[in-house]
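Work through the exercises below with the model open. Each task is followed by a solution in steps.

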Amino acid sequence: MTLTLTRRRAVLVLLAVLAFTVAYVAGAARSSGSPASFSAADRLTPQPGGTTTGTGITGISVGGTAKVSGTPDTLRLDLSVVAKASSVSEALASANRTAGAVQKSLLGSGVQKEDLQTAGLSIQPNYDYSSAGTPRLRGYQVSESVNAKLRSLGRAGEAIGKAVQAGGDAVRVNGISLDLEDTGLLVSRARDQAFADARAKAEQYAKAAGRSLGEVVSIAEDVSSAPPIAMPTSAGLYSEKSSAVPIQPGSQDVAVSVSVVFSMR
């Protein structure tokens, strides 16, 4: 009878030790930072105005756009001079003289030195392929390119005409384009209009949802402007009798698009 009672006590003691061990191990694991299980709702922290962060944002995300037109303020001129001679030195010297005369004319027409740039130099041999056999070297051709920015559009046509006259038949006008460089005021106006467009949309959605619009959570923008407007050139620009080239600046657009997130109340 005494032996049976001792065994029961031993079993009870063993079970108690096992239970204590399990409880201790579980507590140690929790204190060491092991991940606990929780629902998606537990991961969302409410923010003022009804916006929540964590797995997502509750609110209104809308886009706004605006386009503002302005008058181009800069004309970009791309021209070159071409000279041919029996030797490289003669062709280069001739091209240098002509390019110098063209640059002097542009500077005299109000083009700033920082807006005048030598853009390229090319020296090529000229061969005669008219007869059979090995082509015969006839001489060399030198081409020098000049780029200029004309910031006074009212005088740009006259400046181009004078530059062509200064270079004579050696001048080649490769192209002209109109650009809008001073866009600061236009971008500012477009920003105001794009944000107003986004707010109007957000207010409409909030009203439809039976809510009121809260604070702005975030804003992202993208600004773009039209590329320079290329203008065709004509053979008349190469004539020594060229007069002022008629320039019509037209207009260019500056566009702003914004993405805005509003909270809701």
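Predicted model: local features only at pLDDT ≥ 70, side-chain atom pairs only at ≥ 80, totals over all residues.

Residues are numbered from 1 along each chain as its sequence is written, and side-chain values use heavy atoms, with hydrogens and water left out.

**Exercise 1.** Sort residues of H2 into buried and exposed, and state how the buried ones are arranged.

Solution. Buried means under 20% relative accessible area, exposed over 50% and partly exposed in between (1.4 Å probe, protein chains only). The buried residues in H2 are Ala 91, Ala 95, Thr 98, Ala 99, Val 102, Ser 105 and Leu 106. Seen down the axis, the buried residues of H2 fall within an arc of 120°, so they line one face; the arc is taken from the directions from the helix axis to the C-beta atoms. On the face turned away from the buried side are the exposed residues Ser 89, Arg 97, Lys 104 and Gly 108. The cover over the buried residues includes E4, E5 (116-128), E6 (136-150), H3 (153-167) and E7 (171-179).

**Exercise 2.** Which residues of the largest nonpolar core touch the most other members?

Solution. A nonpolar core is a set of buried Ala, Val, Leu, Ile, Met, Phe, Trp, Tyr and Cys residues joined through side-chain atoms within 4.5 Å. Of 24 residues in the largest core, these are Leu 75, Leu 77, Leu 106, Leu 150 and Ile 160. E4, H2, E6, H3 and E7 each supply at least two residues of this core, and H3 gives the largest share, six.

**Exercise 3.** Is Ser 80 buried or exposed, and which side chain does it meet in a polar contact?

Solution. Ser 80 is in strand E4 (residues 74-85). At 5% relative accessibility, Ser 80 counts as buried. Its side chain joins that of Asn 174 in a polar contact of 3.5 Å. Such a contact is a pair of N or O atoms within 3.5 Å; within protein, one must be able to donate a hydrogen and the other to accept it, and residues adjacent in sequence count only if both atoms are side-chain atoms.

Definitions and conventions. Helix = DSSP H or I, 4+ residues; strand = E, 2+ residues; numbered from the N terminus. Contact = heavy atoms within 4.5 Å.
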